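Dear colleague,

I am handing over the structure we spoke of, and below it you will find my notes on what came out of going through it. Please read them with the coordinates open beside you.

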Amino acid sequence: MNRILYLLLGIVLAVFGYEIIVQPRWYSSKYDYYFDFTGIHIPFGSAIIVIGIIFIWLALRKKAKDYEDKVLVCPKCKEAFNKKDVPGERCARCNVNLEEIEGRVLRQTSGIEDGAESGL
Ligand SMILES: [Zn+2]
């Protein structure tokens, strides 16, 4: 849930920063407020966009790290395990050391995407 909030906040900040750069003068009839960011709108807007991108990056990075930390796979029988279920990091059936899954998953995923693109 935290990850989604980070992602939303990042997108909102990035859009807000972009709006400041595109339209530095902003008037609110509701509150009778007039904002004028002319002169500082590019560094100010850029800073807000960078903060937004950092939030988006943190949201995506956290997801990837959680996944890496949790899944192991047996190189012999290809069985996947949760890391917390196998404290010794060995396959109970084959009695071999389990491998971290992240590299395999990335390779397999990119391979499928490449195949789909070349097929078109
Ligand atoms: Zn195995």
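Lys 78 is found in the loop between S3 and S4, and in this predicted model Lys 78 has a positive phi of about 65° although it is not a glycine. With 8 C-beta neighbours inside 10 Å, Lys 78 counts as exposed. As background, most residues other than glycine have a negative phi. A further positive phi, near 55°, is taken by Asp 32 in the hairpin of S1 and S2, where four residues lie between the strands.

The loop between S4 and S5 also holds Cys 94, which counts as partly exposed because it has 13 C-beta neighbours inside 10 Å. Leaving aside residues up to four places away in sequence, Cys 94 touches Cys 74, Lys 76 and Cys 77. Cys 94 and Cys 74 are 20 residues apart along the chain, and their C-alpha atoms are separated by 8.2 Å.

To place these residues in the whole: the chain has three helices and five strands, and along the sequence these follow the pattern α-β-β-α-β-β-β-α. Of the 120 residues in the chain, 11% are buried.

The strands can be taken in two groups. Strand S1 (residues 25–28) and strand S2 (residues 33–36) run antiparallel and are joined by four bridges, with Tyr 27 standing opposite Tyr 34 in S2. The other three strands form an open sheet in the order S4-S3-S5, with antiparallel pairing; its edge strands are strand S4 (80–82) and strand S5 (99–100), each of which pairs on one side only. Strand S3 (residues 71–73) is joined to S5 by two bridges, and Val 73 has Glu 99 in S5 as its bridge partner.

Which residues of H1 are buried? They are Tyr 6, Gly 10, Leu 13, Gly 17 and Ile 20. These residues lie on the same side of H1, because they cover an arc of only 95° around the axis. Ile 4 and Val 22, on the other side of H1, are exposed. Helix H1 itself (residues 2–22) has 21 residues and reaches 30 Å from its first C-alpha to its last, close to the 30 Å expected at 1.5 Å a residue.

The largest nonpolar core has five residues in all, namely Tyr 6, Leu 13, Ile 20, Ile 48 and Phe 55. H1 and helix H2 (41–70) are the elements that give two or more residues to this core, and H1 gives the most, with three residues. Ile 20, one of the core residues, touches Phe 37, His 41, Phe 44, Gly 45 and Ile 48 when residues up to four places away in sequence are not counted.

Finally, a word on confidence, which I would ask you to keep in mind when you look at the end of the chain. The mean pLDDT of the chain is 80, and 77% of its residues reach 70 or more. Which elements have the lowest and the highest mean pLDDT? Helix H3 (residues 102–119) has the lowest, at 49, whereas H1 has the highest, at 92. Over residues 106–111 the pLDDT stays under 50, and for these residues the model has zero contacts beyond four places in sequence. Where pLDDT is low, the predicted coordinates should not be read in detail.

With best wishes

Key. Residues are numbered from 1 along each chain as its sequence is written. This is a predicted model: local features need pLDDT of at least 70, side-chain atom pairs count only at pLDDT 80 or more; totals for chains, interfaces and linings use all residues. A residue is buried if 20 or more other C-beta atoms lie within 10 Å of its own, exposed if 12 or fewer, and partly exposed in between; C-beta atoms are placed from the backbone. Two strands pair if DSSP finds at least two bridges between them. The expected span of a helix is 1.5 Å times one less than its number of residues. The arc is that of the directions from the helix axis to the C-beta atoms. A nonpolar core is a set of buried Ala, Val, Leu, Ile, Met, Phe, Trp, Tyr and Cys residues joined through C-beta atoms within 7 Å. Two residues are in contact if their C-beta atoms, placed from the backbone, lie within 7 Å. pLDDT is the predictor's confidence in each residue, from 0 to 100.
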